[in-house]
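Trainee: Could you walk me through reading a structure, one feature at a time? I would like the general idea and then the case at hand.

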Amino acid sequence: MTDDEIFMSKALKLAKKAKGKTCPNPMVGAVIVKNSKIIAEGYHKKAGKPHAEVEAINSVKDKSLLKGATMYVTLEPCNHYGRTPPCSLAIIKSGIKRVVIAMKDPNKTASGGIERLKKAGIEVKVGVLEEKAKKLNEVFIENITNKKPFYIMKAAMLLNGLIALKGGNSKWITNPSSRRFAHRLRGTHSAILVGINTILMDDPLLTCRIKGYRQPKRVILDANLKTPVSANIFSVYPDNIIIITSPNAPEAKKRVLEATGATIVECKTKNGEFDKDHLNKLLLELEICSVVVEGGSRTHGYFLKHRLYNKAYLFFAPKLSGSYGAFNAVGSEAVKSPRDAVKLSNISCKYIDNDILIEGYF
């Protein structure tokens with residue numbers, strides 16, 4: 001490992017500290033090095049807070065130490081006035097003479113920092129641990145390049161793919177350790193999403209029940225506003241509930257649900273289902289950058305059919321059951337050939353106690 005890679009690794013570790021907290025911004029870490037020693041560190045803690053570069057610069061009490069120093073930063077320094085001033089300008093004013101950057105900023109509005117630094121006479125190196133930096137900010141990259149949230153399929157099932165048994169019973173298919181993993185997943189993403197049938201059949205809370213993790217927003221796809229006011233979900237944090245409904249939903253029910261503190265959002269429909277492009281737009285406008293989709297069967301079918309998923313966490317309990325009267329993980333039309341099935345790549349597999357977790361990308 002080169003010195004540049006060693007210091008960039010440190011910057012990446014710093015950036016990870018803010019996982020799930022920076023939306024709609026990326027996670028960014030920065031370290032400043034002088035004479036082969038780290039003299040400052042910083043990371044972007046939350047949207048609206050100082051960026052990593054400024055955090056690192058401001059942490060140095062004796063600003064003369066910055067003259068001739070090298071900064072390592074995981075993303076191209078921003079070059080525009082947004083919620084904060086441009087980081088490229090702060091770097092130039094600091095006297096730092098070399099900047100090592102992991103990856104360019106895919107956001108055209110914020111990019112341009114590299115050129116600005118070069119024009120100011122600062123030596124710039126780009127691409128150190130670039131793939132790791134892209135993996136770190138896969139959510140941000142998806143938001144910017146494809147104008148949609150980063151959708152995650154999460155399903156707990158038997159070995160033959162059943163997520164609920166006869167009568168809709170799904171408690172509990174997987175073991176406590178798998179469920180704890182799933183709660184950590186909830187706590188590091190913007191939102192959890194389910195369809196109305198999950199609310200009616202399971203009556204879940206959809207909260208993160210691990211101390212130290214934040215509560216995600218809870219999104220319900222409910223075209224006809226069938227969500228009952230007595231649903232368990234309204235018993236805690238009602239102001240972080242978002243119900244996506246159709247323009248034809250009954251106005252009286254909208255007012256009743258809004259009285260609970262929930263947000264009701266109308267989404268266009270197309271061919272009898274929510275328009276995927278409008279859904280993407282609405283969620284991004286609500287600053288929902290990443291979504292853990294927890295079902296049910298029809299909801300997974302909708303996201304799979306429209307190729308919306310980016311990643312999957314599939315939990316398998318070492319159990320089998322007959323399938324008559326049960327619910328499969330994906331409730332949509334079956335393909336005619338295995339060649340036509342949606343494939344996962346970059347797959348990893350591990351045991352969680354006796355359960356099996358398959359993680360992969362669509």
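Mentor: Let's begin with charges: a salt bridge is a side-chain nitrogen of Lys or Arg within 4 Å of a carboxyl oxygen of Asp or Glu. Side chains of opposite charge can pair when their charged atoms come close. Before the cases, note that this is a predicted model, where local features need pLDDT of at least 70, side-chain atom pairs count only at pLDDT 80 or more, and totals for chains, interfaces and linings use all residues. Residues are numbered from 1 along each chain as its sequence is written, and side-chain values use heavy atoms, with hydrogens and water left out.

Trainee: How many salt bridges does the rule give?

Mentor: The count comes to 15. One of them joins Lys134 to Glu130, with the closest N and O atoms 3.4 Å apart. Both residues lie in helix α5, four residues apart, about one turn of the helix. Helices (H or I, at least four residues) and strands (E, at least two) are DSSP runs, numbered from the N terminus.

Trainee: Is Lys134 buried or partly exposed?

Mentor: Buried means under 20% relative accessible area, exposed over 50%, and partly exposed in between (1.4 Å probe, protein chains only). Lys134 counts as partly exposed because its relative accessibility is 33%. Glu130, at 28%, is partly exposed too.

Trainee: Which residue forms a salt bridge with Arg98?

Mentor: That is Asp4, and the closest N and O atoms are 2.9 Å apart. This pair links distant parts of the chain, with Arg98 in strand β4 and Asp4 in helix α1, 94 residues apart. Arg98 has 18% relative accessibility, so it counts as buried. Asp4 is buried as well, with a relative accessible area of 8%.

Trainee: Where does Lys254 lie, and where does Glu266?

Mentor: Lys254 forms a salt bridge with Glu266, the closest N and O atoms being 2.1 Å apart. Lys254 is in helix α9 (residues 251-258) and Glu266 in strand β11 (residues 263-266), 12 residues apart. Lys254 is buried because its relative accessibility is 6%, whereas Glu266, at 36%, is partly exposed. Salt bridges that share partners also join Asp4, Arg98, Glu123 and Lys125 into one network.

Trainee: Now strands, please. In which sense do β1 and β2 pair?

Mentor: Two strands pair if DSSP finds at least two bridges between them. Strand β1 (residues 29-34) and strand β2 (residues 37-43) pair in the antiparallel sense over six bridges, and Gly29 stands opposite Tyr43 in β2. The two strands form a hairpin with two residues between them, and Asn35 in the turn has a positive phi of about 55°. β1 also runs antiparallel to strand β3 (residues 70-73), joined by four bridges. There, Ile32 has Met71 as its bridge partner. As for cover, five of the six residues in β1 are buried.

Trainee: Which residues touch the most other members of the largest nonpolar core?

Mentor: A nonpolar core is a set of buried Ala, Val, Leu, Ile, Met, Phe, Trp, Tyr and Cys residues joined through side-chain atoms within 4.5 Å. The largest here has 40 residues, and Met8, Ile32, Met71, Ile91, Ile96 and Val99 touch the most other members. Helix α1 gives the largest share, six residues. Another core lies apart from it, with 29 residues, among them Ala155, Leu221, Val291 and Val293.
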